[in-house]
Amino acid sequence: MTNYDVVIIGAGMSGLAAGIRAKMLGHEKVAIVERHTIAGGLNSYYQRGRRQFDVGLHALTNFARPGEKNRPLLKICKQLRIPYDSLQLKEQRFSTIQFPFGAINFSNNKQDLISSLASLFPDEVAGLQRLTEFLAQFQETDLTRPFVSTRAELTHFFQNQNLVEMLLWPLLIYGSACEDDMDFGQFAIMFKAIYQEGFSRPMGGVRTIIDLLLERYKNLGGEIFFKKEVKSLHSTGQSSIQALEFKDGEIWQTGTILSSVGLHETWHLAQMENALAPTGRMSFTESIFVFDSAPGQHGPTIAFYSGHPSAQYHRPSTLFDRESAVICFPNNYANCEYRETVVRVTHPANYELWKNLTRVEYLQEKEKVKEAGLALVARNYGLDTTKLVFHDVFTPLTVERYTGHRAGAVYGSPHKIKNGVTPFSNLFLIGTDQGFLGVVGALLSGISMANLHLFQPTSFSTQVQNEI
Ligand SMILES: Cc1cc2nc3c(=O)[nH]c(=O)nc-3n(C[C@H](O)[C@H](O)[C@H](O)COP(=O)(O)OP(=O)(O)OC[C@H]3O[C@@H](n4cnc5c(N)ncnc54)[C@H](O)[C@@H]3O)c2cc1C
């Protein structure tokens, strides 16, 4: 029977980062097992003709300039021993939050948010200042902190509800597993990641990050198996997991298991049906458009659009909410010259309604998602839709099929296990349902959970741990 010291389920960002740390902490036999044919999980890539597309990546959060202190992205690179330069990051031009009553712009220069906010909400600048000071002292990575409502907290800083809606909208749609609100700890992480540090994108898209992680992991002697889907986790006496059973019939024994597949999904693998956690309700459609014209170079990199007067972050009562969207221009970054314009349009969507469609209806409704996205970009950014040369549409069912996240819940369950601990002594959660979200969050999750649960006090691993 195959025997590993550590098995990591899932080759998404958290699984790859955890694999690297497991090897660096001195574990001899480490395996990552992945049901898909390539790595990346929710943030992978695919090829159509001569074009390569990212599945998920709009932007990398937490932009940092070399030498800046306490920046998560620099710390991640240091912990994984990946040179920061090799990410080849291009900075956003600027992003915008667009509501019916006005727009606020922000960029990787913190001052831009303050100036833009001041012109629309002059009476709220002092509140923003107080919030910024409060967040500077806030320990957002405290793993013991209970859920606190961000909407309730923000009433201590702002009078104008329109501003609260605007500030919340990008943070909700880029990282809340809860409907219409988010945990204040998560808000603090994302406020810093998006409004204070900002967006960038690797020159070669998400594949740059995946290839760097894979190369590092393999060079350390880690093994990775694709098309290797875990079917169940076997325990005796409920205290620890003894073996993993795969869909291909193989059974492996293992010391420790780190699971990145989600809380609900992991419980299901361990046959803990009675403990089933709530599945997340937030899923999305995403359209990708390619236009045969160069990017405008003056418009935003990302637009957080709401045609509603307040942030409508919940499962819509229709298949998708055409008046709530993220409109991303992934090749409109600084110092990038491209011949074609790429646009990605993301809408909140209702998984159950998509699930209940017949095949014919499904294809018809995907066409409506495409038309709604095109209308939005034509109306807001004047793109000539006759120049459309390629399009593709994902639905919540696509997310579920390719990543195994039930109900296509991109941000997982609203119930997070921040210390990764499960009722089984050798099974730990990493990634989405541990609670750190997005690419940077998932990398941090893999690193921090591996450090917490795989540390073995040999002289080498103590040295690695002390360097962090
Ligand atoms: C459309 C979209 C756009 C996004 N845009 C951004 C963005 O612009 N910026 C950003 O920072 N984040 C973005 N995200 C979020 C980000 O992609 C995720 O938060 C992050 O990648 C999650 O990583 P993870 O390792 O926790 O989980 P996952 O990526 O879900 O990894 C889990 C892996 O486990 C595998 N798996 C599942 N079940 C099994 C099984 N039984 N056996 C073996 N393997 C299994 C899956 O195939 C998957 O590869 C986006 C997500 C989506 C869907």
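Predicted model: local features only at pLDDT ≥ 70, side-chain atom pairs only at ≥ 80, totals over all residues.
**Entry 1**

I found 30 residues of domain 1 in contact with 37 residues of domain 2. Contact here means heavy atoms within 4.5 Å. Domain 1 covers 2-60 + 205-278 + 414-466, and domain 2 covers 93-202 + 280-403. These bounds come from an automatic or database domain assignment. I also noted that their C-alpha centres lie 28 Å apart.

I wrote down the ground rules here. Residues are numbered from 1 along each chain as its sequence is written, and side-chain values use heavy atoms, with hydrogens and water left out. Local features need pLDDT of at least 70 and side-chain atom pairs count only at pLDDT 80 or more, while totals for chains, interfaces and linings use all residues.

**Entry 2: the ligand**

How many residues surround the ligand? I found 31, and the closest are Ser14, Glu34, Asn43, His58 and His405. A residue is near a molecule or strand if one of its heavy atoms lies within 4 Å of it. By class, the shell has 12 nonpolar, 14 polar and five charged residues. For the classes, Ala, Val, Leu, Ile, Met, Phe, Trp, Tyr, Cys and Pro count as nonpolar, Asp, Glu, Lys and Arg as charged, and the others, Gly among them, as polar. Domain 1 and domain 2 each give at least three residues to this shell.

Next I checked polar contacts, which are pairs of N or O atoms within 3.5 Å; within protein, one must be able to donate a hydrogen and the other to accept it, and residues adjacent in sequence count only if both atoms are side-chain atoms. A backbone N or O atom of arginine 35 lies 3.2 Å from a ligand nitrogen atom. For alanine 59, a backbone N or O atom is 2.8 Å from a nitrogen atom of the ligand. A polar backbone atom of valine 230 sits 3.0 Å from a ligand nitrogen. Taken alone, the ligand exposes 1000 Å², and the protein buries 94% of that. Such areas come from the Shrake-Rupley method with a 1.4 Å probe; for residues, only the protein chains shown count as cover.

Which elements give two or more residues to the shell? They are H1, helix H12 (396-403) and H13. H13 gives the most, with three residues. Helices (H or I, at least four residues) and strands (E, at least two) are DSSP runs, numbered from the N terminus.

**Entry 3: helix H2**

Is helix H2 (residues 72-80) mostly covered or mostly open? I found it mostly covered, with seven of its nine residues buried. Buried means under 20% relative accessible area, exposed over 50%, partly exposed in between (1.4 Å probe, protein chains only). Among the buried ones are Pro72, Ile76 and Cys77. The buried residues of H2 pack against several elements, including helix H1 (13-24) and strand E5 (89-91). Just after H2, arginine 81 takes a positive phi of about 55°.

**Entry 4: two loop residues**

I looked up valine 148, in the loop between helix H4 (125-137) and helix H5 (150-154). Valine 148 is partly exposed because its relative accessible area is 31%. Leaving aside neighbours within four places in sequence, valine 148 is in contact with Glu153, Met182, Asp183 and Phe184.

Then I turned to asparagine 331, in the loop between strand E15 (324-328) and strand E16 (341-349). Asparagine 331 has 7% relative accessibility, so it counts as buried. A polar atom of its side chain lies 2.8 Å from the backbone oxygen of glutamate 340. The backbone nitrogen of valine 342 lies 3.4 Å from a polar side-chain atom of asparagine 331.
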